[in-house]
Amino acid sequence: EAFEKEGLLKCCNAWSRDTAQKVYVQHKIKEEENDIWEQLGKPGSTGYFFLCGSKQPEKDVYRTLIGIMQTKGNMTEAQAQAKMESLQAEGRYVTEVY
């Protein structure tokens, strides 16, 4: 919470089972697409992305991030895929799922 108050991180929780309207993590990511592009995708950005929890949304999250790279970065699908692979190799896109 202290890091979030300082603007060092943003935690976005999605509770699909606890609300009347299903809100999945990919929906939360889409809501934050401008910030995600600025911090993760934009040339010169230095942000990190961590996905923790259930393995179930991992593919949808990845597809959503690919879409952000394509729309915000005017990338082809192949370029967006290469960007995500680069982020993974740099340790800037990390999944800790079970």
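A residue is termed buried when its relative accessible area is under 20%, exposed when over 50%, and partly exposed in between. In this predicted model, Glu58 has a relative accessible area of 17% and is therefore buried. Its salt-bridge partner is Lys55, with the closest N and O atoms 2.7 Å apart. Lys55 has a relative accessibility of 48%, so this residue is classed as partly exposed.

In total, 7 salt bridges were counted. Among them is the pair Arg92 and Glu90, whose side chains meet at 3.4 Å, N to O. Arg92 is buried at a relative accessible area of 8%, whereas Glu90, at 46%, is partly exposed. A further salt bridge joins Glu38 to Lys42, with 3.2 Å between the closest N and O atoms. Here Glu38 is partly exposed at 39% relative accessibility, and Lys42 is partly exposed at 35%.

The packing of two helices was also examined. The axes of helix α3 (residues 33-41) and helix α4 (residues 58-73) come within 10 Å and cross at roughly 85 degrees. Because angles of 65 to 115 degrees count as roughly perpendicular, α3 and α4 are assigned to that class. On the α3 side, the contact is made by Glu33, Asn34, Ile36, Trp37, Leu40 and Gly41. On the α4 side, Leu65, Ile68, Met69, Thr71, Lys72 and Gly73 take part. By residue class, the contact of α3 with α4 comprises 6 nonpolar, 4 polar and 2 charged residues.

Technical notes: Residues are numbered from 1 along each chain as its sequence is written. This is a predicted model: local features need pLDDT of at least 70, side-chain atom pairs count only at pLDDT 80 or more; totals for chains, interfaces and linings use all residues. Side-chain values use heavy atoms; hydrogens and water are left out. Axes are lines fitted to C-alpha atoms, for helices over the stretch in contact, and angles run from 0 to 180 degrees between N-to-C directions. Helices (H or I, at least four residues) and strands (E, at least two) are DSSP runs, numbered from the N terminus. Angles under 35 degrees count as roughly parallel, over 145 as roughly antiparallel, 65 to 115 as roughly perpendicular and the rest as oblique. Contact means heavy atoms within 4.5 Å. Ala, Val, Leu, Ile, Met, Phe, Trp, Tyr, Cys and Pro count as nonpolar, Asp, Glu, Lys and Arg as charged, and the others, Gly among them, as polar. A salt bridge is a side-chain nitrogen of Lys or Arg within 4 Å of a carboxyl oxygen of Asp or Glu. Buried means under 20% relative accessible area, exposed over 50%, partly exposed in between (1.4 Å probe, protein chains only).
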